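Reader: Before we talk about packing and strand pairing, could you show me the model and take me through it one question at a time?

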Amino acid sequence: MDRKAQRYTVWLPVRIPELEAGMAVSHNVSGRGMLVVTATTLEGGANVHVVVNLPPEGVEERELTGKVVRVEANEEDPEGLWPHRVAVEFDEPSAEIERTLTQLV
């Protein structure tokens with residue numbers, strides 16, 4: 001994942017159909033990807049669909065495709081509901097997500 005992209009700490013519900021649990025929560029997001037906390041995990045290199053509702057309205061879903069670039073234990077919640085962290089790099093950068101995140105700050 002491009003570490004030069006501005007990342008925003010924002011907690012949004014995320015659907016990732018490829019996850020056994022299906023749901024995740026964003027930890028940080030940029031226009032190039034996101035780090036999510038999850039109940040179940042995926043293999044590195046897996047192709048995924050990420051469905052997110054963007055604030056402030058949060059009613060219109062945005063679907064992006066990407067690839068899992070990192071999987072690790074969630075040291076902040078190792079025994080809780082979200083024991084895994086999964087980093088996803090989007091196939092195409094999302095200017096819309098970048099604009100929305102910039103407006104939230």
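Author: Accessible areas here come from the Shrake-Rupley method with a 1.4 Å probe. The model is a predicted one, and on that surface the protein exposes about 6,000 Å², of which carbon and sulfur atoms supply 50%.

Reader: Which pattern does the protein follow, read along the sequence?

Author: The protein contains one helix and six strands. Taken in sequence order, these elements give the pattern β-β-β-β-β-β-α.

Reader: In what order do the six strands close into a barrel?

Author: Strands of a sheet pair through backbone hydrogen bonds, either parallel or antiparallel. In this model the six strands close into a barrel with antiparallel pairing, and the order is β1-β2-β3-β6-β5-β4. From one strand to the next, the twist averages 45°.

Reader: Which residue is the bridge partner of Val14 in β4?

Author: Strand β1, residues 13-15, runs antiparallel to β4 and is joined to it by two bridges. β1 also pairs with β2 in the antiparallel sense, over three bridges, and there Pro13 has Val25 as its partner. On the β4 side, the bridge partner of Val14 is Val52.

Reader: Which residues touch the most other members of the largest nonpolar core?

Author: In soluble globular proteins, nonpolar side chains tend to be buried together. The largest nonpolar core here holds 22 residues, and those that touch the most other members are Val14, Ile16, Met34, Val36, Val48, Val50 and Ile97. At least two residues of this core are supplied by each of β2 (23-29), β3 (33-38), β4 (47-53), β5 (61-73), β6 and α1 (95-104).

Reader: Is Arg85 buried or exposed?

Author: Arg85 has its place in strand β6, residues 84-90, which pairs with β5 in the antiparallel sense over seven bridges. Not counting residues up to four places away in sequence, Arg85 touches His27, Leu35, Val36, Val37, Arg70, Val71, Glu72, Ala73, Asn74 and Glu76. The cut-off for burial is under 20% relative accessible area, and because Arg85 has a relative accessibility of 16%, it counts as buried.

Reader: What separates the C-alpha atoms of Leu42 and Val86?

Author: Leu42 sits in the loop between β3 and β4, and its relative accessible area of 14% means that it is buried. Its contacts, apart from residues up to four places away in sequence, are Ile16, Glu18, Leu19, Val48, Val68 and Val71. Val71 in turn has Val86 as its bridge partner in β6. Although Leu42 and Val86 are 44 residues apart along the chain, their C-alpha atoms are separated by 7.6 Å.

Reader: Does Trp82 count as buried or partly exposed?

Author: Trp82 is found in the loop between β5 and β6. Setting aside residues up to four places away in sequence, it touches Met23, Ala24, Val25, Val37, Thr38, Ala39, Asn74 and Asp77. With a relative accessibility of 26%, Trp82 counts as partly exposed.

Reader: What share of the residues in the protein is buried?

Author: Among contacts between residues at least 6 apart in sequence, 52% join residues at least 24 apart. Of the 105 residues in the protein, the buried share is 41%.

Definitions and conventions: Residues numbered from 1 in each chain as written. Predicted model: local features only at pLDDT ≥ 70, side-chain atom pairs only at ≥ 80, totals over all residues. Heavy atoms only, no water. Helix = DSSP H or I, 4+ residues; strand = E, 2+ residues; numbered from the N terminus. Buried < 20%, exposed > 50% of the residue type's maximum accessible area, 1.4 Å probe, protein only. Contact = heavy atoms within 4.5 Å. Core = buried A, V, L, I, M, F, W, Y, C linked by side-chain atoms within 4.5 Å. Pairing = 2+ DSSP bridges. Axes fitted to C-alpha atoms, helices over the stretch in contact; angles between N-to-C directions.
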